[in-house]
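Please keep the sequence and the structure in view while reading.

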Amino acid sequence: MEKALKLKEKQGQAMQTLQQQDSHHFQAKPPKQGLTTITTHVQRLKSPPEDQVKLAATAITLNVRLRSSDMPAHMQNHALLHTRSLLDSAAPPPPAPKTRPNPTHLARALKKEFDSVYGPAWHCVVGTSFGSFVTHSPGGFVYFSIDDSLSVLLFQTEVQLVKEKPQPAQAAKP
């Protein structure tokens, strides 16, 4: 019962945060004419409010701070939950001293998970300090920090099949 009350409280906090964000959104100036395709794309990717609340509650529960995202809420939720489960499974049992997770192993596991579930060409960077400037496919980008120490950048790029041209036959020399 106590756990349900805590979750309800966290959902209430998440709802307040979303309402504050929405109020800032409505105070913004209307987009210029050249931005209609971007606006349409964002509206298409925007998740229903109840999905946003669930995502915010999940983030609070898992001690995650979403930094930036261009990804549907259910995919973000998958990334957060999978990252937390990887961190928890890598941690030693409680009596042992806490060790730092291996960022390379986390990145590899998260990339493999998203490649298998959402298709190829996912890239993942995990660490405590890094810079980045990436190009990603629409709806395939999330950047978050977990436990206020480890940052995760997960993004997808488009893959095009390369077809080799047939090699011309070598003419026989007499």
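The side chains of Asp 88 and Arg 84 are joined by a salt bridge, with N and O 3.7 Å apart; a salt bridge here is a side-chain nitrogen of Lys or Arg within 4 Å of a carboxyl oxygen of Asp or Glu. The model is a predicted one, in which local features need pLDDT of at least 70 and side-chain atom pairs count only at pLDDT 80 or more, while totals for chains, interfaces and linings use all residues. Residues are numbered from 1 along each chain as its sequence is written, and side-chain values use heavy atoms, with hydrogens and water left out.

Both Asp 88 and Arg 84 belong to helix α4, where they are four residues apart, about one turn of the helix. Helices (H or I, at least four residues) and strands (E, at least two) are DSSP runs, numbered from the N terminus. Asp 88 is partly exposed, its relative accessible area being 48%, whereas Arg 84 is buried at 13% relative accessibility. In these terms, buried means under 20% relative accessible area, exposed means over 50%, and partly exposed lies in between (1.4 Å probe, protein chains only).

Which other residue forms a salt bridge with Arg 84? The partner is Asp 147, and the closest N and O atoms of this pair are 2.6 Å apart. Because Asp 147 lies in the loop between β3 (141-146) and β4 (150-156) while Arg 84 lies in helix α4, the pair ties together parts that are 63 residues apart in sequence. Asp 147 is partly exposed, at 31% relative accessibility.

A further salt bridge links Asp 115 with Lys 111, their closest N and O atoms being 2.4 Å apart. These two residues lie in helix α5 (residues 103-118), four residues apart, about one turn of the helix. Asp 115 is partly exposed at 22% relative accessibility, and Lys 111 is partly exposed as well, with a relative accessible area of 30%. Through shared partners, salt bridges join Arg 84, Asp 88 and Asp 147 into one network. By the rule given above, the count comes to three salt bridges.

Helix α4 (residues 73-90) also holds His 78. The side chain of His 78 makes a polar contact with the side chain of Glu 113, at 2.8 Å. A polar contact is a pair of N or O atoms within 3.5 Å; within protein, one must be able to donate a hydrogen and the other to accept it, and residues adjacent in sequence count only if both atoms are side-chain atoms. Not counting residues up to four places away in sequence, His 78 touches Glu 113, Phe 114, Val 117 and Tyr 118, where contact means heavy atoms within 4.5 Å.
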